[in-house]
Amino acid sequence: MANELLFVVDDDRSHSKTLTLWLEEQGYRVEVFQDGELCLNMLDENPSAICLDFNLSTGGLSLLKRLRLANRDIPVLVITSDNALDSAVEAMKIGAFDYMVKPLDKIRLTTTVRKAIEMHTMALKIESLRGELKKTYAYKSLIGQSEAMKQVFAQIEKVSGININVFIQGESGTGKELVARAIHYNSSYKMGNFVAINCGAIPENLQESEFFGHEKGAFTSAEDSRVGKLELAHGGTLFLDEVGEMPPNMQVKLLRFLQDKSFERVGGNKKIHVDLRVISATNRILERAVETGAFRNDLYYRLVVYPIVLPSLRQRPEDIPLLVNHFLKKFNGDMHKTVVAVTSYALEAFLRYDWPGNVRELENVMYRAMVATRGDTIQIEHLPLEIQRFRNQWLEGQAGGESLRPEPPSLSSIRSDSPANHPPALPSPDPGQTTMEALERQAILDALKQTRGNIPQAAKQLGISRATFYRKIKKYRVS
Ligand SMILES: Nc1ncnc2c1ncn2[C@@H]1O[C@H](COP(=O)(O)OP(=O)(O)OP(=O)(O)O)[C@@H](O)[C@H]1O
Ligand SMILES: [Mg+2]
């Protein structure tokens, strides 16, 4: 407790001297103010508590009110004379932490101060835990513990609080929309709508009206006026999906809108201003479209103020067990099933497959496998042939054409009851595999297992560079 800063506001010098002495004996740092105004000006020093003499000539009550208005949660202990108990009651109503009656008693003073500080610290802790809880809730749907995903989470965190245009690039199915939503729900725009426009899916002639809305009679089929997506997103987030597909004439109009966040409805002449955040996404390398002139340079720089690049699933194989577990739980709930595990052979196939459709493909494969299985495990035969083939090819390569052994009946390596944040065990190599390569592969799997999929740590553990580690993962098709 020692060393916490306390303010004493008291214009009776000898009284404040005694208070200071008693409090400093307890290890507190004490600053004395004879004037309430000075105390208010120094609140940025963040005292842990304030002892306020209510008989202050400048008015104890009014200072207490102003302290409350300053919107700080610093506990205030009011000191009154015994003939002024009414004012003590008044002080408690306004939000004083406690009151003490003169003449003060040393023990009563120091215990009350300690209690006030403890309560205050606890309140701060609860507040910060609440914040943490909100964060986990917001990212709950985004699974990943790989370094690459941790970096994405940090970027989401960083950018959520500021209104700058975010640009998300990633292959199809890597979670671009999920990330856009996470930013929205973590930002001050969360009370507004999250409005998504798929720029590649709307016919060119309808795009303008879709974005800006139109007035009645603006064109032949406009029988009524209509609010566009920009107005709907006012106070919220506008998500421009597949922005690389936007036709050139819309690119110009979007650029104009982004310059001052104002526009007119089609067929209207009233300027409408909106306050919103723009997040755009694409699975193309947009720089190439800029180089060929298919995408406007100036619009590109407006949109890409803060880029987030999502890793493909094959770049983060250590997240596959986590995701498999996540989908097991999700679909068990949706389908009222009780599938508890994925066999190690099936998981091996998952780890070797290259997932061109990324997480969406894994989600679909898991869904179909859950439908297909009659028992409580997902076996390799429940997976699509192209994924089964990955394991078969690898086995043939390893064993010089050795025919496939049947899968052991209940070699479960992922269980749906394993906690989401602890990746289940990775599969062991096939029995009978004794080459040097098999040993090396085993060492890699063990290191990944021990470090819970943390590649830099796993590489360090094996005494090899991260680049070499990645090369080996690729070679042994752990990814
Ligand atoms: N990190 C993740 N954790 C859990 N689920 C995920 C994750 N990433 C993606 N998904 C799931 O995968 C599916 C595809 O995600 P999303 O639609 O966000 O991808 P996308 O990058 O926008 O794809 P596309 O380019 O095809 O539009 C969704 O069902 C989503 O819930
Ligand atoms: Mg998408």
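Because the model is predicted, local features are given only where pLDDT is at least 70 and side-chain atom pairs only at pLDDT 80 or more, whereas totals for chains, interfaces and linings use all residues. Residues are numbered from 1 along each chain as its sequence is written, chains are lettered from A and ligands numbered from 1 in the order in which they are written, and side-chain values use heavy atoms, with hydrogens and water left out.

## The ligand site

Around ligand 1 there are 18 residues, of which I143, S172, K176, R360 and E363 come nearest; a residue counts as near when one of its heavy atoms lies within 4 Å of the molecule. By class, this shell is made up of six nonpolar, five polar and seven charged residues, where Ala, Val, Leu, Ile, Met, Phe, Trp, Tyr, Cys and Pro count as nonpolar, Asp, Glu, Lys and Arg as charged, and the others, Gly among them, as polar. Domain 2 (147–311) and domain 3 (314–475) both give residues to the shell, so ligand 1 lies between them; the domain bounds come from an automatic or database domain assignment.

| Ligand 1 atom | Polar backbone atom of | Distance |
|---|---|---|
| nitrogen | S141 | 3.3 Å |
| nitrogen | I143 | 2.8 Å |
| oxygen | L178 | 3.1 Å |

Taken alone, ligand 1 exposes 630 Å², and the protein buries 86% of that area, as computed by the Shrake-Rupley method with a 1.4 Å probe. The elements that give two or more residues to the shell are α7 (176–185) and α15 (358–372); helices here are DSSP runs of H or I with at least four residues, strands are E runs with at least two, and both are numbered from the N terminus.

## Salt bridges

The structure holds 18 salt bridges, each defined by a side-chain nitrogen of Lys or Arg within 4 Å of a carboxyl oxygen of Asp or Glu. In helix α7, E177 and R181 form one of them, with their closest N and O atoms 3.0 Å apart; being four residues apart in that helix, E177 and R181 are separated by about one helical turn. E177 is partly exposed at a relative accessible area of 31%, and R181 is likewise partly exposed at 31%, where buried means under 20%, exposed over 50% and partly exposed in between (1.4 Å probe, protein chains only).

D298 pairs with R296 at a closest N to O distance of 2.8 Å, D298 being partly exposed at 33% and R296 partly exposed at 31%. In the bridge between R316 and D319, the closest N and O atoms are 2.7 Å apart; here R316 is buried at 2% relative accessibility, and D319 is buried at 0%. Elsewhere, salt bridges that share partners join E210, R226 and K229 into one network.

## A buried helix and a loop residue

Nine of the nine residues of helix α14 (residues 344–352) are buried, so this helix is largely enclosed by the rest of the structure. Among its buried residues are the charged E348 and R352, as well as Y345 and F350.

D105 sits in the loop between β5 (98–101) and α5 (106–139), where it is partly exposed at 42% relative accessibility. Although D105 and W22 are 83 residues apart in sequence, their C-alpha atoms are 9.9 Å apart in space.

Conventions
Polar contact = N/O pair within 3.5 Å; in protein donor to acceptor, adjacent residues only side chain to side chain.
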